[in-house]
Amino acid sequence: MSRETRGVVLRGVEKHYGEVVALQSVDLEVRPGELMVLVGPSGCGKSTLLRLIAGLDDPTAGEVWIGERRVDDVEPGARDVAMVFQSYALYPHMTVAGNLGFGLRVRGMPRVEIGRRVSRVAAALGLAELLLRKPGQLSGGQRQRVALGRAMVRDPGVFLFDEPLSNLDAELRLRTRDEIAALHRRLGTTMIFVTHDQVEALSLGQRVAVMDRGRLHQVGTPEEVYRRPSNLFVAGFVGSPPINRISLSRDDRGCLTGGPFALERPAGLDRATLGVRPEDLAVAAGRDRDASGPGDFRATVLRMEALGSEQRVHLGGPGDAAWVARTAPALRIVPGDRVSVTVAWERGHLFGPNGRREDASPQPAGRPAAR
C-alpha cells in the first residue's frame, strides 16, 4: 500500500498547441484508490491529459489537483506520481536490479532502503530470478514488468499508465492486464490508465472516461458506459462489434420511421437515431419463425464469422448499412439465407438529432409501452 493514496481532480483543463486545441474544458475527478481508464481513439487527447497530471506539460487553462494540493506549478518530481510509458524506456546497460533502483539512487536514498524496496517489488512482480539480467535478455512481458516495477519502488500516491500494453502480443497483453488489475487490488493506490482499446478499458477500469477530440464525453462504470451510452459517439466507440444504427424521421402518422421500423415518437422528437447492440438482436432461420411481431424484420445473411463461442452474422439491412448480430454457434444458417430478426427493445437506444441519448426507450408503434 502506498504511504498515501491521493485522488486527482481536473477543473476546466484546456491545452492548446498554437491554434490546435488538444483539450477542451475537461472536468474529471478520480477518486482516491480508484483505477480509472481514459479511452478514446488515437489523437483524442487522453495522453495529453496524462502528461498534464504528471507535470510533463502545462495546461493552457484550468486547474490540476493531486490530493489536497493544486499542482499546476509543481515540478514533476515533486508531484508524488509515477508514470509507466508505452515504450519501456529501460537502460540497456543496467541489470534489472539497476533499472529498478535507478530512480531511488538519483534521489539519494540509502543503499539498504533501495535494496529492500527492489527486493520487495521484484518478488511481487515475479522478477526475483531476473535481477541480474539486462533488458536485452528479457521477453517483452518481462521488460514491461520491469518498467512497472520501476514505478512501484517509488511508492507513489498516483500511478499513471500511458498505453503500457501496446507493444505486447495478444496473450501478453491479457496476462499483463491481469497483473495490473491484481497489483491495484493489492496496493489500493490511485491509478489512471490510458488506452485506445475499448475492450481493455471495459475489462480493467473501475470507471471509464470516454474521450474524443479533446472532450470528455462520459464517465461511468463499464456497465453504465456500455449499457447507457450518453451519446452516439460513445455508443459507436464502445462495443465490439459496434452498435447497429439507423436514422429515423417523423412520418404523417406521427411515428418515427426508418427502414422496416415504425416507432412511437417521444414528445417533441421529429428525428432520431435508433441504436441496437449486436447481442440484442435475436436471429431465427426463416422457416422457423415469421417476422410478424411489432418491430420484427426480415433480412438476408451476407456473411458469417465463426468465433468458437459465438457467431457474428452480418445482415443486409435494415437501412443502408449492414447490421451485425451475435448468435449462438448452434444456429445453422449460411450466406444468402433469409432470416427473421427480433429486437430486444428494452435494451435499445434512442438518440436525438444532437446525438444525445433520449430518456425514452424506443418502442415499436402499436406495441403497449413497457411498464
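1. The model under review is predicted. The partner of D212 is R213, and the two side chains meet in a salt bridge with an N to O distance of 4.0 Å. R213 counts as exposed, its relative accessibility being 68%, which is over the 50% cut-off.

2. Which parts of the chain does the salt bridge between E279 and R326 link? The side chains of E279 and R326 meet at 3.7 Å, N to O. This pair links distant parts of the chain: E279 sits in the loop between β14 (271-276) and β15 (281-285), while R326 belongs to strand β18 (residues 323-327), and the two are 47 residues apart. E279 is partly exposed at 26% relative accessible area, and R326 is likewise partly exposed at 27%.

3. A further salt bridge joins R347 to E346, with the closest N and O atoms 3.6 Å apart. Here R347 is partly exposed, with a relative accessible area of 35%, whereas E346 is exposed at 55%.

4. For the model as a whole, the count of salt bridges comes to 23.

5. In general, nonpolar side chains of soluble globular proteins tend to be buried together.

6. Neighbours within four places in sequence aside, F193 is in contact with L35, M36, V37, L38, F161, P164, L165, I180, E200 and L204.

7. An open sheet of six strands has the order β6-β7-β8-β3-β9-β10, with mixed pairing. Its edge strands, β6 (81-84) and β10 (215-220), each pair on one side only. On average, neighbouring strands of the sheet are turned by 15 degrees against each other, direction ignored.

8. Within this sheet, β7 (residues 158-162) and β8 (residues 190-195) run parallel and are joined by five bridges. D162 stands opposite V194 in β8. Helix α5 (residues 170-187) lies across β3 (35-39), β7 and β8, and runs at about 165 degrees to β8.

Conventions: Residues numbered from 1 in each chain as written. Predicted model: local features only at pLDDT ≥ 70, side-chain atom pairs only at ≥ 80, totals over all residues. Heavy atoms only, no water. Buried < 20%, exposed > 50% of the residue type's maximum accessible area, 1.4 Å probe, protein only. Helix = DSSP H or I, 4+ residues; strand = E, 2+ residues; numbered from the N terminus. Contact = heavy atoms within 4.5 Å. Pairing = 2+ DSSP bridges. Axes fitted to C-alpha atoms, helices over the stretch in contact; angles between N-to-C directions.
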